[in-house]
Structures are given as structure tokens and as C-alpha cells.
Amino acid sequence: MDIGQINTLSKFLRQSGAQYRVFDMGRRVCKLTPEQFVSFDNCQRPYPYPFKRLAQMGIIFWHPDAATKQYVWFLQFPLDEQGLLVPDARDAFLLMLLERLGEAMLAAADGDKIQGALKDSPYTFEPRQDRMAAFNAHATYALKLPPSKYYDSAYHYFTGELSVDKWPGLAMQGLADFAIRLDTNEATLGLIQLLPKLPQEPFHNLCVLLEHASPAAGILEVLAQQIDIQLQEKQPDTVKIISCLRAASNSPARGLVERMVMQVLKHRCSREIEVLAIISGRIWPALVKQPICELYLEQLAHNDAGQPGFSQLLADLLFIPGMREPVMHVLRNPKRSETLAKAVGEMFGK
């Protein structure tokens, strides 16, 4: 191995002989394509899912001759003003890695050494429990490995084979496996029938993990009905509304997702900062549509956390690749409200 030629993460992994998959761990757990990862690693393109000005990734790798033994890194790197990787951080990480491994790093068969070399690195992090469960579910599914031992219990519960009060024994990993593997008609149909009957806690817990999956249109229709019910209440349950939005956020049924967002934004509950944060933090693709973006920014200008809430969420939204142009188009609209104009002015110091 020519250590002198290793100047990116992807080159390190490739020259070590490893096969690997990369997942975003920031906004939600989802696969990064090889092109997305390599172009980011080479400082050619912004990170597609920045979170708190960081790129947070989970990398699972293995040697082709020992595919049953995988190793995992959870890495985070700072981003510059354009959302590109700060090369000094990557270089510092690689230097530390190569110094600790030295010439002993001949192949990914030495995965234990590679794993151990990351101890105490400022560029590693530990995902919270639900993200870890979603990562494990995604990784086993992508590598065509069986789900965890907790999957069967979750499957039987969420397809209605067990009483709805039998949820306390369900493990989070089982819920994650069920959410990510919702690719059979039996599981989807069972969940569609059960969702309206679920107690609050298992409903919320499943929704948290569905945001890392791609639920079908039938499931979204049930979630939309649950939102409709809440919006008609005198005091809507915003926790449930947020849960429904999270669960729907990554569905391929984009039209249904946009309709749900629009319904919520038309209601006064959308001035609550937690509701607004879920929409821009998880369902930002819907805000590319001008009518949705206009309504979102108007409600954000009236949010219950005031100017700090407005500035924080807007700054985060503008940092997501592809969002600056549609957002700035709305902000420059001469027909925007005085409240929105004032909030923008205060944010940018005008």
C-alpha cells in the first residue's frame, strides 16, 4: 500500500481492500450513493444532508474474504460556508489514522486495528439510540443480512397479531427493523389497519423510526387522517402531529407529503417552533414549492420562539443544498408581510 497516496477517506477504504457502504446520520439515517460520498470526500460537492454545520456519517466496511464480520465508523466533519468538507479536518483525521496504524494496515482484514485506531478521535461520535437502531436496520437490509432477533415481535405487534396493550416489551431495534423492512403487502396492510388504534407511546416510537424509512402511500393516508383529526380539535395534540410529519417525511409519495405539510401550515399550531423545526429539518424538499415555502416562512415569522427561533431555522434551511434559491425568492417578494420583512431585516442586520 502506498500510504503517501492516501489523501481521502474513500482512497483509504479502497486501498485497504475494503468494501463499504455510507449512510447519513444527521438529518435522518439514509444511504449516500458512492458518487455523493466520493464527491464530498474530494471537496467537489456540498454534503447533501448537513446537520448543525456538520457532515455526520456512518460507514460500514468489511473485507470481501470475511464478509460476515463488519466494522463501523461514525464520523463527523465540519463544513465550510458552502457546505463543502473542510479539508484540514479530513487530513488531520487521516494523518492520525495512518500514524496509529502505520504499515500494519495492510488490508481491511485488520479491521480490529482500524476500529481501535479511532479511539478518542475528535471526529468520531456516538449516535443516539434511535439513530443507532435505524442504522443497524438499514445496514443489515442493504447487506441482505437477517434482521435482529427483536424483529418478529415487532412484526407480530404492528400487523395486529397481538393485543395493542402488548407494546411495553418491544425493543427499539425491532421497531427499526420493522420500519425499514416495510416492503411486503402483508406488513403494510396490517400496519394501515392498526395505526389508528395504537396507544400514544408505540405510535410515537414507530413514527420516530419511520422517518428513516420510505413508507407507502397507504400508510401516509392514515397519517394524514390522524393529522386531520387533530387539526379539528380545539387544542390539537402537536406531539402527535409532529410524529405523523416525521413518519411521512421520507415517503416517496411526495404529493401526499406536501398536502400534509400544507394542511398543517394553514393551522395556527404551525406557529409552534417544534412543528416548524420538523417541517424544515425533515421535509425541506416540500419547501421547494413556492406556495408551501411562502406559507412556511410567514408562519416562521410569527413563531412562538420569536426572532431567535426565526433566525436559527432559516439559517439551517438556507444551508441545505438546493434550498437557498427557492427561499430567497420568497424572501425578496415585495408582497411578503411586514412581519416577515421585519424578521428578515433583523436577522441580516438591516
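Student: Is C293 buried or exposed?

Tutor: Good place to start! This is a predicted model, where local features need pLDDT of at least 70, side-chain atom pairs count only at pLDDT 80 or more, and totals for chains, interfaces and linings use all residues. Residues are numbered from 1 along each chain as its sequence is written, and side-chain values use heavy atoms, leaving out hydrogens and water. Buried means under 20% relative accessible area, exposed over 50%, and partly exposed in between, with a 1.4 Å probe and protein chains only. C293 has a relative accessibility of 1%, so this residue counts as buried.

Student: How far is the sulfur of C244 from the closest cysteine sulfur?

Tutor: C244 is also buried, at 1% relative accessible area. Its closest cysteine sulfur belongs to C207, yet that is too far for a bond, at 5.5 Å.

Student: Which residue stands opposite V22 in β3?

Tutor: Strands here are DSSP runs (E, at least two residues), numbered from the N terminus, and two strands pair if DSSP finds at least two bridges between them. Strand β1 (residues 19-24) runs antiparallel to β3 (residues 54-62), joined by six bridges. Within this pair, V22 faces I59.

Student: How many residues lie between β1 and β2 in their hairpin?

Tutor: Three bridges join β1 to the antiparallel strand β2 (residues 30-32). Across this pairing, F23 is opposite K31. The number of residues between the two strands of the hairpin is five.

Terms used: Helix = DSSP H or I, 4+ residues; strand = E, 2+ residues; numbered from the N terminus. Disulfide = S-S within 2.5 Å.
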